[in-house]
Amino acid sequence: MAFTLPDLPYSKDALAPHISSETLDFHHGKHHKAYVDKANAAVEGTALEGKSLEEVIKASWADKNMGVFNNAAQIWNHTFYWNSMKPGGGGKPSGDLADLIDRSFGSFDKFREEFKTAGVGQFGSGWAWLVHKNGKLEVRKTLNAELPLAHDGADALITMDVWEHAYYLDYQNKRPDYIDAFLDNLVNWDFAAENLKKAS
């Protein structure tokens, strides 16, 4: 079955003014769609055709088939990123997730600092992640299309896209301002809590 471009989980103007409808138009409608189209073309007629997205990601990473991996992983990453945000999001989580953040990082403020540092410090293009591994939470950063699923199977809870096309129309070169907006106004802690339940 061919990969398809998933709908956004909200309207294109729902994240404004933090992320504009123009950014989502390009980011979802052009960039994400291009990854879907290229991944479909890359697996057509190969042993990977008809496999799940996760299977294609793992197999192409293991085989160092970067043409397939980059596009398949970016489909997964972007779909996860859209769900990592919601209108009226941001702030602090509650419940089990909040407790585990405190235990893993010392406090929410320490987590926030570490997550922002990962996003700002990712040289070039990539992603910042909050992941669950062995009963603890970790902040990670990955380059280009790389994701925890390919490296060691850690469970991703949220991700933040730090490729320039994620923020440049709205923030120009001010990546730290975009990261603040993501954490203060957009991050979907409900989605993170659901992912933690699945991982536990």
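This is a predicted model: local features need pLDDT of at least 70, side-chain atom pairs count only at pLDDT 80 or more; totals for chains, interfaces and linings use all residues.
Let's start with Glu138. Glu138 is partly exposed, with a relative accessible area of 29%. Its side chain meets that of Arg140 in a salt bridge, 3.1 Å from N to O. Arg140 is buried, at 18% relative accessible area.

How many salt bridges does the structure hold? Nine. Take Lys12 and Asp25. Their closest N and O atoms are 2.7 Å apart. Lys12 sits in the segment before helix 1, and Asp25 sits in helix 1, so this pair ties together parts that are 13 residues apart in sequence. Lys12 is partly exposed, at 35% relative accessible area. Asp25 is partly exposed too, at 37%.

The next pair is Asp152 with Lys133. Here the closest N and O atoms are 3.9 Å apart. Asp152 lies in the loop between helix 6 and strand 3, while Lys133 lies in strand 1, so the bridge ties together parts 19 residues apart in sequence. How accessible is Asp152? It is partly exposed, at 34% relative accessibility. Lys133 is partly exposed as well, at 23%.

Salt bridges can also share partners. Arg112, Lys116, Asp180 and Asp184 are joined into one network that way.

Next, the domains. The domain assignment gives two of them: domain 1 covers 21-84, and domain 2 covers 95-198. Their C-alpha centres lie 20 Å apart. How many residues are in contact? On the domain 1 side, 21 residues; on the domain 2 side, 27.

How do we put a size on that? The size of an interface is often given as the accessible area lost when the parts come together. Here the area buried between domain 1 and domain 2 is about 2,000 Å². Carbon and sulfur atoms give 69% of that area. Which residues of domain 1 lose the most area to domain 2? Phe80, Tyr81 and Ser84. Together those three account for 30% of what the domain 1 side buries.

What about charges across this boundary? The count of salt bridges between domain 1 and domain 2 is zero. Polar contacts are another matter: eleven residue pairs, both residues at pLDDT 80 or more.

Which helices supply the domain 1 side? Helix 1, helix 2 and helix 3 each supply at least two residues. Helix 3 gives the most, with ten residues. By class, that side has nine nonpolar, nine polar and three charged residues.

Stay with helix 3 and find Asn77 there. Buried or exposed? Asn77 is buried, with a relative accessible area of 0%. Look at its contacts, leaving aside neighbours within four places in sequence. They are Trp127, Trp129, Ala145, Glu146, Leu147 and Thr159.

The buried residues of helix 8 are Arg175, Tyr178, Ile179, Ala181, Phe182, Leu183 and Leu186. What covers them? The cover includes helix 3, helix 5, strand 3 and helix 7. While you look at that helix, remember a general point. An α-helix has 3.6 residues a turn, so residues three or four places apart point the same way.

Now Leu149, in helix 6. Not counting residues up to four places away in sequence, Leu149 touches Glu54, Ile57, Lys58 and Ala154. How far is Leu149 from Leu130? The two are 19 residues apart in sequence and 13 Å apart in space, C-alpha to C-alpha.

Last topic: the backbone. The peptide bond from Ala16 to Pro17 is cis, with omega near 5°. Pro17 lies in the segment before helix 1.

Then look at phi. Lys64 has a positive phi of about 55°, although it is not a glycine. Where is Lys64? In the loop between helix 2 and helix 3. Lys64 is exposed, with a relative accessible area of 52%.

Asn134 also has a positive phi, near 55°, and it is a residue other than glycine. Asn134 lies in the loop between strand 1 and strand 2. At 74% relative accessibility, Asn134 counts as exposed.

Methods. Residues are numbered from 1 along each chain as its sequence is written. Side-chain values use heavy atoms; hydrogens and water are left out. Domain bounds come from an automatic or database domain assignment. Contact means heavy atoms within 4.5 Å. Buried area is the accessible area (1.4 Å probe) that two parts lose on being put together, summed over both. A salt bridge is a side-chain nitrogen of Lys or Arg within 4 Å of a carboxyl oxygen of Asp or Glu. A polar contact is a pair of N or O atoms within 3.5 Å; within protein, one must be able to donate a hydrogen and the other to accept it, and residues adjacent in sequence count only if both atoms are side-chain atoms. Helices (H or I, at least four residues) and strands (E, at least two) are DSSP runs, numbered from the N terminus. Ala, Val, Leu, Ile, Met, Phe, Trp, Tyr, Cys and Pro count as nonpolar, Asp, Glu, Lys and Arg as charged, and the others, Gly among them, as polar. Buried means under 20% relative accessible area, exposed over 50%, partly exposed in between (1.4 Å probe, protein chains only).
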